[in-house]
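Have the sequence and the 3D view open as you read.

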Amino acid sequence: MKLVFFAALLGLSLGQHDPLTKHNRTSIVHLFEWRWADIAAECERYLAPNGYGGVQISPPNEHIILSEPWRPWWQRYQPIGYSLCSRSGSQAELQDMITRCNNVGVNIYVDAIINHMCGAGGGEGTHSSCGSYFNAGKKEFPTVPYSSWDFNDGKCKTGSGNIENYDDIYQVRDCRLVSLLDLALEKDYVRSKTANYMNTLIDMGVAGFRVDACKHMWPGDMKAVFDRLHNLNTKWFANGSKPFIFQEVIDLGGEAIQSSEYFFLGRVTEFKYGAKLGTVLRRWHGEKLSYLRNWGEGWGFMPNDKAVVFVDNHDNQRGHGAGGAAILTFWDARLYKMAMGLMLAHPYGVTRVMSSFRWDRHFVDGKDQNDWMGPPSFPDGSTKPVPINPDTTCGDGWVCEHRWRQIRNMVIFRNVVNGQPFSNWWDNQSNQIAFGRGNRGFVVINNDDWNMDVTLNTGLSPGTYCDVISGDKDGSRCTGRQIQVGGGGRAHFHISNMAEDPFMAIHAESKL
C-alpha cells in the first residue's frame with residue numbers, strides 16, 4: 001500500500017517536470033507580447049512544420065493600462081484581476097489560439113502572475129485591459145474580488161513595505177517586489193482564487209505554466225496552489241496528465257534563496273546558463289569554448305532534469321534580472337546564433353527560444369533609458385500584428401529569432417538527436433570545439449581569431465550531408481555547404497573566422 005502511495009507522489013512530481021511536447025518536439029519558443037491571433041497563425045504555418053514543441057505566451061489576465069511611460073511591456077506583469085482580456089486579445093481569441101495550436105501539436109504554456117497584483121501607486125479607476133474598476137491605494141480589486149485582507153502588508157517588517165534586503169528570506173517573500181501589492185498566498189481564499197484562474201486556463205487546453213517571481217513566494221504556499229490544479233484537457237492530452245510547471249527563480253549563487261528549494265514543484269529557470277555562455281562566447285575573463293567539455297551540471301548548474309535553459313529572456317535582454325552585460329541577444333546577432341546553436345545541440349535542459357521585438361535603445365551612463373518600451377503598437381496603444389516578409393522573416397519591429405534559419409534548423413537538429421548521448425568531443429584548447437550526439441548529429445564551432453581546418457570523427461554514417469547553418473536540405477541538393485562523411489565517420493571541416501556564421505551542423509536527416 002505504501003509503495004502505491006509513493007508511486008502516486010512520484011507521478012505527481014514528475015508530471016509537473018515534463019513539458020509533454022508531442023511528435024518528438026523538444027523546444028519551447030517565447031512569442032513575447034504577440035497577439036493571440038498571430039500565435040494561432042504561427043502555430044499552423046511555421047511552428048508545427050518546423051518542429052517547435054510549444055509556445056510560452058505573455059500573461060493573458062486583465063492588467064493595468066499605463067499612460068506614463070506609454071504602454072510599457074511590464075504592464076502585463078501588473079494584474080488587476082483574472083479575467084482573460086489583455087493587450088494580446090479577448091478570451092474568445094485566446095481560446096481559438098489554444099485550440100488551433102493544440103490541433104497541430106503545439107503546446108501552450110501561460111506566463112502566470114500569482115505573486116502580486118499591480119503596483120501600490122497604480123491608482124484608481126478603469127485603467128485596465130478589461131475596462132474594470134479597481135483601487136490600488138485601497139487594495140480593492142472587485143473582479144476577483146480581493147480586498148486589503150488579501151495582501152501581505154501586515155507580515156512585511158520593512159519601513160517602506162518593499163524588499164530592502166535580499167539576504168532576508170522573510171522580506172523577499174513577504175514584502176513588495178518593486179512596490180507590487182504582494183498577495184497573501186498563505187490564505188486559503190487567495191490560494192483558491194489563483195488556482196481557479198489557472199484551472200480556467202487548463203480547462204481551455206493549456207499544457208502548463210511559466211510561473212513568475214517564484215523566489216518571492218513560499219514553496220509550501222505554491223504547492224498548496226498547485227495541488228488544486230486540474231489534470232490537463234483530455235481532448236489533447238493523455239488521461240491523468242499534470243500541467244508542466246517551470247518556475248522563474250533568479251539564482252546566480254550567493255543569495256539566501258536557492259533554486260533547489262523549488263525543484264519538487266517543477267522545473268526551474270537556470271539563469272546561470274545564459275550568463276556563463278555569454279561570458280564564454282565573449283571570451284571575457286579568459287574563458288574559452290574548450291572549457292565547455294563538461295557544460296551543464298559540471299559548471300555548477302542545477303540537475304539536467306530540473307532545468308529550463310535559454311540564452312536570453314525578456315528581462316535580461318533589457319539588462320534586468322540576471323547576467324548583466326554578458327547576456328547575448330539579437331543585438332549581437334553573430335555571437336547570439338552561435339550561442340543558440342550550442343544550446344540547441346547540447347543535451348542539457350529543456351530549451352526555450354526567445355522571439356523578441358525591437359525598441360529604440362538610448363544609453364545614458366551605460367543604462368538603456370528605453371528598456372521599458374512595449375511592443376510595436378498603433379497610436380491608440382493596441383499591439384500591431386506580426387507581418388511575415390517574402391523571405392520568411394518578420395517586419396514592423398518584430399525580430400522573430402525563432403524564424404532565423406540558423407535557429408530554426410538547430411531546433412530541428414535537437415529533435416533529430418533527441419535521446420542521443422553527448423559524444424565525440426574535440427577542442428583545440430582554445431575557442432574551436434566540436435561534439436556529436438551519438439550517431440545522429442554533429443556540430444563544429446570556431447570562435448577563434450584564425451581559421452579552423454580539421455578532420456574529425458563525427459560518429460555519423462558515411463555520405464553527403466547538408467550543413468544546416470549555411471543552408472537547407474532541399475530535395476536532393478543542399479542550398480548551403482556540403483560535408484562528406486567518409487568511412488569511420490570522419491569528415492573535414494573548414495570554417496573561416498571571418499564567416500558570418502562561424503559554425504556548422506549536420507544531422508541524420510540532413511543527409512542527401
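This is a predicted model: local features need pLDDT of at least 70, side-chain atom pairs count only at pLDDT 80 or more; totals for chains, interfaces and linings use all residues.

The unreviewed UniProt entry annotates residues 26–414 as "domain: Glycosyl hydrolase family 13 catalytic".

Now for the barrel. Eight strands close up in the order 1-2-3-8-9-10-11-12, and their pairing is parallel. From one strand to the next, the twist averages 30 degrees. In general, strands of a sheet pair through backbone hydrogen bonds, either parallel or antiparallel.

For a look at one pairing, take strands 11 and 12: they run parallel and are joined by two bridges. Within this pair, Val309 stands opposite Thr351 of strand 12. Over at strands 1 and 2, helix 2 lies across both of them, running at about 165 degrees to strand 2.

Here are the strands mentioned by residue range:

| Strand | Residues |
|---|---|
| Strand 1 | residues 27–31 |
| Strand 2 | residues 54–57 |
| Strand 11 | residues 307–309 |
| Strand 12 | residues 350–355 |
| Strand 15 | residues 422–427 |

Is Ser423 buried or exposed? Ser423 counts as buried because its relative accessibility is 16%, and the cut-off for buried is under 20%. Leaving out residues up to four places away in sequence, Ser423 touches Phe435, Gly436, Arg437 and Gly438. As for Ala434, eleven residues from Ser423 along the chain, the C-alpha atoms of the two are 9.5 Å apart.

Methods: Residues are numbered from 1 along each chain as its sequence is written. Side-chain values use heavy atoms; hydrogens and water are left out. Helices (H or I, at least four residues) and strands (E, at least two) are DSSP runs, numbered from the N terminus. Buried means under 20% relative accessible area, exposed over 50%, partly exposed in between (1.4 Å probe, protein chains only). Contact means heavy atoms within 4.5 Å. UniProt positions are given in the numbering used here, feature names are shortened, and annotations may be inferred rather than shown by experiment. Two strands pair if DSSP finds at least two bridges between them. Axes are lines fitted to C-alpha atoms, for helices over the stretch in contact, and angles run from 0 to 180 degrees between N-to-C directions.
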